[in-house]
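Hello,

Here is the structure I promised to pass on to you.

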Amino acid sequence: MINFNTIPKDLKWFAKRYNALIVEFPQKITPQLLHEDSICSKYDSAEAFEALKYAYEFFASIAIELLSMSENEEDRKTLVEKVYLKFDLIWGLCFYSEVTKVGNEYVLPFKKKPMIDDKRRTLPKNYNRAFNVIMENGCFVEYFKADQEVKDFKYCDNGILHFDNNLTALGIYLFIKKCAQKKWYCSEDKAGNYALKDHYEPIIRCVEPYRRIDMRLFLSDERLKFCPTEIMAGYNGELKKCFYKICDHIEKNYPDCIPSNHFSTTFGVDSKHRMIGQIGIGHDEKHLSCYAAMTGIEMETLLTNIDLFDEKVVMQFLHEYECDCDLCINKIGVLFYKGKKYNRIYKNTENRFSIENENDADLAIKCIDIKAKCDMNTRT
């Protein structure tokens, strides 16, 4: 169920980024490997191997639909909604049913009630439309009320989803069940503060590799590691260089703060420590963003070294100050920082600025160094 408040406003960039994040089918997957896999071992390994390839092609064909966006904004939203309906439908079906073999064909049967009772965000909001649009991809659906066939989802209580290839349903099922084994992009199943109060639910927590069609899960039971090359998929060379420079600096100087998963760019020891920096990725094609909130001694240290920062960063420190005259914006404005308005202006002030070139990356590194040096619950 897509939430347009959580994706970039530029839907063309979103489509490009989404497709860039798709992982190629791993050449190292073999029938012999699948024979030992905990999910695939109950099936013929050669059949499972072919099924996974068909499933990958099926999902990739849906993802690439995003690149056919028109110039009309509403049409773009409709397209994104449709593509996500397809992905969310298949995701939900494999959590609420077991793949079944009818003759020589694998199918996905379903029961209506448990599906529509579940309102979680990884599932379709409108199942009737979801089943209608999935038929654009070589699928057809049989709907039943008890044992009698009915015309659509509205009138059924169960049904069966068929694919144009007799192995595709098996591959889809095996892949989604593998995704549900663990939170592959995290060092452990519990991730972040939400795990302290929310029950761990694979249908919510394990969807990331599914949306990337990341079948590397079958190559090892180890968690997938943080990879700067992948997290920057879709960006130009200049921004990639900026991100690598920041990551290299942290890995060399503060290795305990390198993220353990793919798509968190919050650099910190763990959830109990304050971060030393955060790089915002995926929101805009033309720039990244740096976030490094500073308080107390961190802010004092920055002010002492204010000449190391250009106007771009100084403006961020002044963004809550009511006066934007030249006196306040230029370096002389440091006098205001040390006055009586300091605590009112800077207490809990966020320092966020855009990273567009290597000079901006250097500014981000300077902010990170200050936070690490001051060590206000960032390292120990």
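What joins the side chains of Asp37 and Lys178? A polar contact of 2.6 Å does, where a polar contact is a pair of N or O atoms within 3.5 Å, one able to donate a hydrogen and the other to accept it within protein, and residues adjacent in sequence count only if both atoms are side-chain atoms.

Before the rest, two words on the basis. This is a predicted model, in which local features need pLDDT of at least 70 and side-chain atom pairs count only at pLDDT 80 or more, while totals for chains, interfaces and linings use all residues. Residues are numbered from 1 along each chain as its sequence is written, and side-chain values use heavy atoms, with hydrogens and water left out.

Back to Asp37, which is found in the loop between helix 2 (31-35) and helix 3 (45-63). Helices (H or I, at least four residues) and strands (E, at least two) are DSSP runs, numbered from the N terminus. With a relative accessible area of 7%, Asp37 is buried; buried means under 20% relative accessible area, exposed over 50% and partly exposed in between, with a 1.4 Å probe and protein chains only. Leaving aside neighbours within four places in sequence, Asp37 is in contact with Lys178 and Phe218, contact meaning heavy atoms within 4.5 Å.

Next, helix 1 (residues 11-20). Seven of its 10 residues are buried, so helix 1 is largely enclosed by the rest of the structure. The buried ones are Leu11, Trp13, Phe14, Ala15, Arg17, Tyr18 and Asn19. What covers them includes helix 3, helix 4, helix 9 (207-211) and helix 10 (228-231). At the N-terminal end, Asp10 caps helix 1, with a side-chain oxygen 3.1 Å from the backbone nitrogen of Lys12.

Leaving aside neighbours within four places in sequence, Gly282 is in contact with Pro8, Trp13, Arg17 and Tyr235. Gly282 lies in the loop between strand 7 (277-280) and strand 8 (288-291) and is buried, at a relative accessible area of 14%. Its C-alpha atom is separated by 9.3 Å from that of Ala233, 49 residues apart along the chain.

Now to the strands. Why is strand 5 (residues 158-162) described as largely enclosed by the rest of the structure? Because five of its five residues are buried. Asn158, Ile160 and His162 point one way from strand 5, and Gly159 and Leu161 the other way.

- Strand 2 (residues 105-111) runs antiparallel to strand 5 and is joined to it by four bridges; Pro109 has Ile160 as its bridge partner.

Strand 3 and strand 4 form a hairpin with two residues between them, and Ala146 in the turn has a positive phi of about 60°. Asn377, in the segment after helix 17 (358-374), also has a positive phi, near 60°, in a residue other than glycine. Asn377 counts as partly exposed, at 34% relative accessibility.

Lastly, the second largest pocket has a volume of about 160 Å³. On a 1 Å grid over the protein atoms alone, a pocket is an open set of points where a 1.4 Å probe fits, with protein on both sides within 12 Å along at least five of seven lines, and lining residues have an atom within 4 Å of a point. Grid points are joined across faces, edges and corners, and the volume is the space filled by probe spheres set on the points.

Met1, Ile2, Glu81, Tyr84, Leu85, Asp88, Lys125, Asn126 and Arg129 line this pocket. Helix 4 (residues 73-96) gives the largest share of the lining, four residues. By type, the lining divides into four nonpolar, one polar and four charged residues; Ala, Val, Leu, Ile, Met, Phe, Trp, Tyr, Cys and Pro count as nonpolar, Asp, Glu, Lys and Arg as charged, and the others, Gly among them, as polar.

Best wishes

How values were computed:
Pairing = 2+ DSSP bridges.
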